[in-house]
Amino acid sequence: MLKKIVERCMVGFVLGVFFGDVLMLLIKACFVFFAPDAGIDFSRTLRTDLIFDSSCFLFFGLYGMITGGLTLIWSIEKWSLLKQTAVHFALQYTLTTACTFLPRIYTTTYKSFVLWTAIFVAIYIVIWLVIYIKIYLTISILNKQLDLRVFQVSKN
């Protein structure tokens with residue numbers, strides 16, 4: 001189990017860095033090389049950007065590690081789907097809310113907190129439904145293939 005946790009955390013770190021930081025760096029590079037007259041002075045803020053980008057690299061990597069580790073919740077066969085979803089949702093919501101609160105992505109007003117929660121819940125539901133439907137369809141196909149094999153074996 002420890003090996004799975006480490007493996008998922010490492011994959012999560014790489015994915016977190018890629019999606020969070022590498023894409024940000026690519027966007028900056030596009031501005032530097034393809035739109036140098038856009039009015040952004042990257043040379044003047046290079047030192048600040050380097051510190052910011054390095055901290056983002058670490059932050060996105062750690063967020064990805066924790067999120068990757070949380071996927072092991074879905075491997076607990078003793079738990080019902082409802083319990084797995086509730087625990088995963090609670091932990092992911094807490095982690096993501098803390099990670100958006102610390103850099104002040106949203107303000108600390110009641111209205112912004114409710115809006116943030118609504119956005120998170122909507123995105124979580126959409127992702128959960130897409131994955132559930134995909135798994136349901138895969139299981140249905142596998143069950144049909146098993147039924148065909150059982151029928152062929154019993155026929156002979």
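Colleague: What makes the ground rules here?

Modeller: This is a predicted model, where local features need pLDDT of at least 70, side-chain atom pairs need pLDDT 80 or more, and totals for chains, interfaces and linings use all residues. Residues are numbered from 1 along each chain as its sequence is written, and side-chain values use heavy atoms, without hydrogens and water.

Colleague: Why is Ile-125 called partly exposed?

Modeller: Buried means under 20% relative accessible area, exposed over 50%, partly exposed in between (1.4 Å probe, protein chains only). Ile-125 has 45% relative accessibility, so it counts as partly exposed.

Colleague: And why is Tyr-132 partly exposed?

Modeller: Its relative accessible area is 39%, so the label "partly exposed" applies to Tyr-132 too.

Colleague: Which residues form the nonpolar patch on the surface?

Modeller: Trp-74, Leu-81, Ile-125, Leu-129, Tyr-132, Ile-133, Tyr-136 and Leu-137, with about 750 Å² of accessible area together. Nonpolar side chains (Val, Leu, Ile, Met, Phe, Trp, Tyr) are joined within 5 Å. Helix α4 (residues 110-155) gives the largest share, six residues. Helices are DSSP runs (H or I, at least four residues), numbered from the N terminus.

Colleague: What makes Tyr-132 and Tyr-136 a stacked pair?

Modeller: Rings pair if their centres lie within 6.5 Å, and planes under 30 degrees apart count as stacked. Tyr-132 and Tyr-136 show 6.5 Å centre to centre and 20° between the planes, so the pair is stacked. Both lie in helix α4, four residues apart, about one turn of the helix.

Note on methods. Patch = residues over 30% accessible without salt bridge, like charges linked within 9 Å, V, L, I, M, F, W, Y side chains within 5 Å. Areas by Shrake-Rupley, 256 points an atom, 1.4 Å probe, with all protein chains shown as cover. Salt bridge = Lys/Arg side-chain N within 4 Å of Asp/Glu carboxyl O. Helix = DSSP H or I, 4+ residues; strand = E, 2+ residues; numbered from the N terminus. Phe/Tyr/Trp six-rings, centres within 6.5 Å; stacked < 30°, edge-to-face > 60°.
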